[in-house]
Amino acid sequence: MLSLPHRLHLIGRFLISVSGSNHSTVLLPHKGHRNRRRVVSTSLSIGLFFNVELPFNFNSPYKATSIMDFWDRWHITLTKFFTKYVYIPLGGNRRGTIRTYVNVWLVFLISGLWHGAAYTYIAWGMLNGIFMVLEQMTVNLRGKICAFFKVDKSRFSYRSLKRWR
């Protein structure tokens, strides 16, 4: 909970950032470190002003090493929403493997519709759903291939990919 001086500071910074440039960010002191400052988006700052702590929504998605990892990092709140209100009511993964794949594909199709009713969004949802299903189907096979070639998957990360650039 922010004290009144912090809230007033927040309002002032918000007004300066909105009126001063097209890119609106707010500088706030980091909790526990009064001298440090961090950049917080305007929406998070407004939420803090009203004592609403908004959840973390992105976790460096472009550092992902697979499509599943990407979707675990991208739009975290939207993913939680679709999981809770679409995937689980469809049966989740409790009705067999084939039904799980169909449910995953349907969630992505609905996600495409959520983004817009144009055919491009629907195609985007269908393709991402297909990629997710293909990745889930090949998890065991990829594990066997890594074991056969003695590849340590725990050491394979975004950092190791950066070395090859």
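Predicted model: local features only at pLDDT ≥ 70, side-chain atom pairs only at ≥ 80, totals over all residues.
Residues are numbered from 1 along each chain as its sequence is written, and side-chain values use heavy atoms, with hydrogens and water left out.

Q: In what order do the elements of the protein chain run from the N terminus on?
A: Helices (H or I, at least four residues) and strands (E, at least two) are DSSP runs, numbered from the N terminus. The protein chain has eight helices and two strands. From the N terminus on, the order is α-β-β-α-α-α-α-α-α-α.

Q: What percentage of the 165 residues in the protein chain is buried?
A: A residue is buried under 20% relative accessible area, exposed over 50% and partly exposed in between (1.4 Å probe, protein chains only). Of the 165 residues in the protein chain, the buried share is 23%.

Q: Are α5 and α6 roughly parallel or roughly antiparallel to each other?
A: Axes are lines fitted to C-alpha atoms, for helices over the stretch in contact, and angles run from 0 to 180 degrees between N-to-C directions. The axes of α5 and helix α6 (residues 119-137) come within 7 Å and cross at roughly 155°. Angles under 35 degrees count as roughly parallel, over 145 as roughly antiparallel, 65 to 115 as roughly perpendicular and the rest as oblique. The two helices, α5 and α6, are therefore roughly antiparallel.

Q: Which residues does Thr100 touch, not counting residues up to four places away in sequence?
A: Thr100 lies in helix α5 (residues 97-115) and counts as buried at 11% relative accessibility. Contact means heavy atoms within 4.5 Å. Leaving aside residues up to four places away in sequence, Thr100 touches Tyr87, Gly92 and Asn93.

Q: Which residue forms a salt bridge with Asp69?
A: A salt bridge is a side-chain nitrogen of Lys or Arg within 4 Å of a carboxyl oxygen of Asp or Glu, and the structure holds two salt bridges. The side chains meet at 3.1 Å, N to O, and the partner of Asp69 is Arg73.

Q: How far apart are the closest N and O atoms of Glu135 and Arg142?
A: Glu135 counts as buried at 10% relative accessibility, whereas Arg142 is partly exposed, with a relative accessible area of 35%. Glu135 and Arg142 form a salt bridge, and the distance between their closest N and O atoms is 4.0 Å.
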